[in-house]
Amino acid sequence: MKMSKLLKKALIAAVILFAIIAILTSLFSVWNLNTYLVAEYKNKGMSLTQSIARSSSHLLFNSPYETIQASIDDYLEINGIAYIFVEDDQGEIISHTFVPTIPEIFANHNLSTVNLLAEELTETPLIQDLDIAGFGRVIDIQSPILAGVSGQVHVGLYWQLIEHQILIATLKQVAMIALLFIGISLITYVLVGSISQDLNLLIEGVKRVEKGDYEFNIAVRDRNEIGLLALAFNRMVATVSDYAKSLENSLKQLSDIKYALDQSSIVSIADLTGMITYVNDKFCEISGYSQEELICNTYNLVNSNYHGVEFYNKLWETITLGDIWRGEIKNKTKTGTYYWVDTTIVPFMDEFAHVFQYLAIQTEITDRKELQEKLEAKVKERTKQLAIANEEISLLNKQLKAENIRIGAELDVARQIQQLILPKPEELEGIQGLEIAGFMEPAEEVGGDYYDVLYTNDVVTIGIGDVTGHGLESGLLMVMTQTAVRTLKELQKIDSVTFLATLNRVIYKNMQRMNSDKNLTLSILNYSQGSISLSGQHEDVIVVRASGEIELVDTMDLGLPIGLDQEITNFIDQVTIELNSGDGVVLYTDGITEARDINKTHYGLDRLCDIIHQNWQFSAQEIQQAVIKNVHSHIGEQRVFDDITLLVIKQQ
Amino acid sequence: MNYPYEPKFSVKSRLIKSKISKRDSVTIAMKLISKFFVVFATLLCICLLIHPKLVYAQSQQLIYAEPQPIKIGMSAAFTGASRSLGIELYQGSMAYFDYINRSGGIKGRPIVIQAYDDGYNPLPAIQNTTRLIEKDQVFLLFNYLGTPTVTRVLPLFIKYQNKPIFLFFPFTGAQSHRQSPYNQFVFNLRPSYREETAGLVKNFLKIGRKKIAVFYQIDAYGRSGWDGVKRQLKAEGFKIVGEATYRRGTEYHSSFKAQVDILKKAEPDAIISIGSYQACAGFIRDARTSNWDVPIANLSFVGSESLLDLLLKTSRSTGIDYTQNLINSQVVPSYENIALPGVKEYRNLRDAYQQKPPPNLVPEPYQNLPYSFVSFEGFLNAKLLVKILQDSPNLSDRKNLKTTLENIHDFDLGLDVPVEFNAQSHQGLHKIYYMTVKDNHFVPIFSWKQWSK
């Protein structure tokens, strides 16, 4: 059994104490017993002797010696009596129990002879220690009969017996004490052992907890103090375990943070006096100093003298008050080069809110600082250049303004020409069998849109086109086209192919002369008695039936752009559209379909068809207005880039 | 068997009783009572069968119609170192009682000895006496043996003095019961040790042997003999020159060399040995073995035949003659002296009595002696007792015994001297006989001159 040291000591002490008590008790009781037994023995002998003496007193005078002999024989049976003898007043032994004969010492002695007259009589017994052959040591008790007048009685008591009795009693006593001692020792041992076991469990528990094993739980066997201790221990272990786990987590977190910090930052810790107590590898790496050199030194070691005394005073003032300081510091390495660090100094405070150390977390910003310096230099240079450029630009601006005004005037003329050449409303109203509404809105820069309605000999010729590009040149081309179309119309009886091919050649040649690369799409419609012939390439032609049903006629294969090539005859084709009453066609330029809203979404053909379909029951003028209104609402406040042209033709 | 039945019945009856009429209940009660009587009678019979005392009492009344025997009590050594004395004494007495019983007893009543063994020890003797008086309710005590035993029993006679109880003819020559107050309760036939020792001392002195030493049993018997020797020597102006003792019960095979050496130192002219046969024989053996031929005289109590028997047996194996210079005082004449009618009668009746002593009294086998001084004394004791019983006017009153005894004058036991009692003397005989061994037999000493110095 493993025993607790404390209890082992207690056990040994208890055992020693018990042993001492046992020995002392034994010694005392042996001494006591010895004294007591000897005294008792002597007492017994004395009373015996006296009783014999008293009973003999009358026998001596009265009876034969055999009576005395018989009476002393009885006494001899008492344990421990060696001998008894009676002597008469003459000192002669008249009865005895000696075998084989009276010992020498008594045979011839007359010591007890009493001079009756001379001496004072006594009844006090006389006790002597004698050594008699055959008996060994005896206590001889001599008692006078009738105060010695009749003689004496001697009783011998064996020393041997009393010694034997003392020995037996002593042995019993010692054995009992020894047994008691052993018993108590054993009980104590067992008790101590069991307590020890509990204590050892506790100690083991503590050791295991020390090693970090929180799973250990002590089985509580008792409700005594140790049991309560064990319970408390178990509870404590549970609590500590929780704490330890959270601590472990915290530590893990902390160490992770530290690792991260060490990886990312330059970390150092200084005490209140500014003496460095900790630096990480990054600090050493950047400063060029080793840990040994840095620790127990101040930051003066890396001072670059770049910052003034005021800077550092401000820093210390902040952190000594317990506030966090942030700033950028230029430091000097061991080799004399410089480096910049973005620094955060955090003062650490104890539970009394007293600062006891500072943690400095720094990040190297040397590169940034250098870049910044370079940039600043560049910016200065550029600012200088810009100032020069600015002067030039404002000069140019002035020139540009003047130019713009001049161009604006030119465009105004072009626009006016374009507007002027369009057919007049009364002209359109005069056409029999057709209701026609036309609309053109030139863009700020002239777009070069073209439309015309010519009525000659019951044939209505309608043209619609769009010149590429903007500006004066485009406007000029539009005017030329109008003139050419009218000219050809006036010629009459010219088929569509010749009409367009001739028109193309006129424009192409003029463009060659003008040294311009502009051209235009152009569709020509000839209406006569409910039938329209269509030729020339432009946007799709929208044919609307009286019911509002819409058909689209693709013009891609009806011709080529005008002015692009000298000869386009082979490419020109013609389709015929039959119109009944209420049917009509709608012509437009890409200024409508490509009109953009704020999201740059085109107005689109579908939207156009929809609005036409919805308003077809109205007059051509009303349809035209509804479409334009709808397009304008689509465009909103956006700038109009291209000319907007719409032509609604409705058969009556 | 009936017991458990009864309560059952009564329970049943009680149940019935509650339902039936008064007249019917009377009939039932009568039946119950008769049943109860049957049960009671059965139980009584069982009780009687179980209880033997009741039956015994009944049968005794029925069977014993003849007169009650006269029961006399005896306590003596039937075991131990002195057992031959007790056995011989008993056998001698029984030889005569048997004869009397065969011839019609005392007034038609037989004499029965109720004997117990005391092993020659005082305590059993006291126990036996109490038992004889209280339990056996003997008519008288008879044939007690030994001084230490009788000496201790004596106070009981004072205790029972109102009964009174008397002891007839103890086999001891001690002085105590020959003196007041015990001489009123103890009656002796044999002479005292004092008389024996005085006779021996006188005879030794006469032949010039004046230095006398004593070998004795260290108890009342030995002391009594020692006292007798001392007194006689003192009367003649001498002293005991040496003394040696042995403890009562010491057996023959023990060594007595120490005693022999002690007495040798005193250089005595003669030794008077007061002991029982085993120790005395042992002493003689060791004295003779050490080539010491001093005359050694033993008292009557010694049991002469037993002593001689032991010595002769040893003699046969060692070749030494131990019987030289041995003297034995006796209180009865030699049983060889057939001239005496008492001896003749003794021998006839002893021959006729061939019963062995009761085995419960004598557990170990005993070699029966044809005749012995002790059994002769027992025979004489019995004969005198029968005379007293016959003379006694009323055998239901013990007090008559004493007066009857005191009225015996000049009574002839068939010896060479008459028996004489009176109120002052309660001892019948005074004559001492001296024997010596010749040809391995005790013969009377006719002349002491052979031991003259």
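Predicted model: local features only at pLDDT ≥ 70, side-chain atom pairs only at ≥ 80, totals over all residues.
Figure 1. B:P181 belongs to the loop that runs between β4 and β5 (186-187) of chain B. The peptide bond that leads from B:S180 into B:P181 is cis, and its omega is near 5°. Most residues other than glycine have a negative phi, and most peptide bonds are trans.

Figure 2. B:P164 is placed in the loop between α6 (147-159) and β4 (167-168) of chain B.

**Figure 3. Backbone of B:N143.** B:N143 is not a glycine, yet its phi is positive, at about 60°. The residue sits in the loop that links β3 (140-142) and α6 of chain B.

**Figure 4. The interface of chain A and chain B.** The size of an interface is often given as the accessible area lost when the parts come together. Between chain A and chain B the buried area is about 1800 Å², and carbon and sulfur atoms contribute 51% of that area. Residue pairs in polar contact between chain A and chain B number 16, counted where both residues have pLDDT 80 or more. On the side of chain A that touches chain B, two or more residues come from each of α2 (65-76) and β2 (93-96) of chain A. The greatest contribution to that side is made by α2(A), with eight residues. By class, the side of chain A that touches chain B comprises ten nonpolar, eight polar and four charged residues.

**Figure 5. A salt bridge between B:R152 and A:D74.** Two salt bridges are found across the interface of chain A and chain B. In the pair shown, the side chains of B:R152 and A:D74 meet with an N to O distance of 2.1 Å.

**Figure 6. A salt bridge within chain A, between A:D583 and A:R545.** Over all chains, the structure holds 30 salt bridges. In the pair shown, the side chains of A:D583 and A:R545 meet with an N to O distance of 3.1 Å. A:D583 lies in the loop between β18 (574-578) and β19 (584-588) of chain A, and A:R545 lies in the loop between β16 (541-544) and β17 (550-553) of chain A, so the pair ties together parts that are 38 residues apart in sequence.

**Figure 7. The largest pocket, with a lining drawn from chain A and chain B.** The space in the largest pocket amounts to about 1100 Å³. Its lining consists of 37 residues, of which A:I102, A:A107, A:N108, B:I240 and B:E243 are the closest to the centre of the pocket. Two or more lining residues are given by each of α3 (104-107) and β3 (126-132) of chain A, and likewise by α8 (220-235), β7 (240-246) and α9 (257-265) of chain B. The largest share of the lining, five residues, belongs to α8(B). The lining of the largest pocket divides by class into 18 nonpolar, eight polar and eleven charged residues.

**Figure 8. The largest cavity, lined by residues of chain A.** Rolling a probe the size of a water molecule over the atoms shows where empty space is left. Two cavities of 30 Å³ or more are counted in the model. The largest cavity has a volume of about 60 Å³. Its lining includes A:D198, A:L201, A:L202, A:R221, A:D222 and A:I226. At least two lining residues are supplied by α4 (159-210) of chain A, and at least two by α5 (225-264) of chain A. Seven nonpolar, two polar and three charged residues make up the lining of the largest cavity.

**Figure 9. The second largest cavity, lined by residues of chain B.** The second largest cavity holds about 30 Å³ of space. Among the residues that line the second largest cavity are B:S84, B:L85, B:E88, B:E305, B:S306 and B:L369. The helices α4 (83-102) and α11 (304-318) of chain B each supply at least two lining residues. The largest share, three residues, is that of α4(B). By class, the lining of the second largest cavity comprises three nonpolar, four polar and two charged residues.

Definitions and conventions. Residues numbered from 1 in each chain as written. Chains lettered and ligands numbered in written order. Heavy atoms only, no water. 1 Å grid on protein atoms, 1.4 Å probe; cavity = no way out; pocket = protein on both sides within 12 Å on 5 of 7 lines; lining within 4 Å. Points joined across faces, edges and corners; volume = space filled by probe spheres on them. Helix = DSSP H or I, 4+ residues; strand = E, 2+ residues; numbered from the N terminus. Nonpolar A, V, L, I, M, F, W, Y, C, P; charged D, E, K, R; others polar. Contact = heavy atoms within 4.5 Å. Buried area = accessible area lost by both parts, 1.4 Å probe. Salt bridge = Lys/Arg side-chain N within 4 Å of Asp/Glu carboxyl O. Polar contact = N/O pair within 3.5 Å; in protein donor to acceptor, adjacent residues only side chain to side chain.
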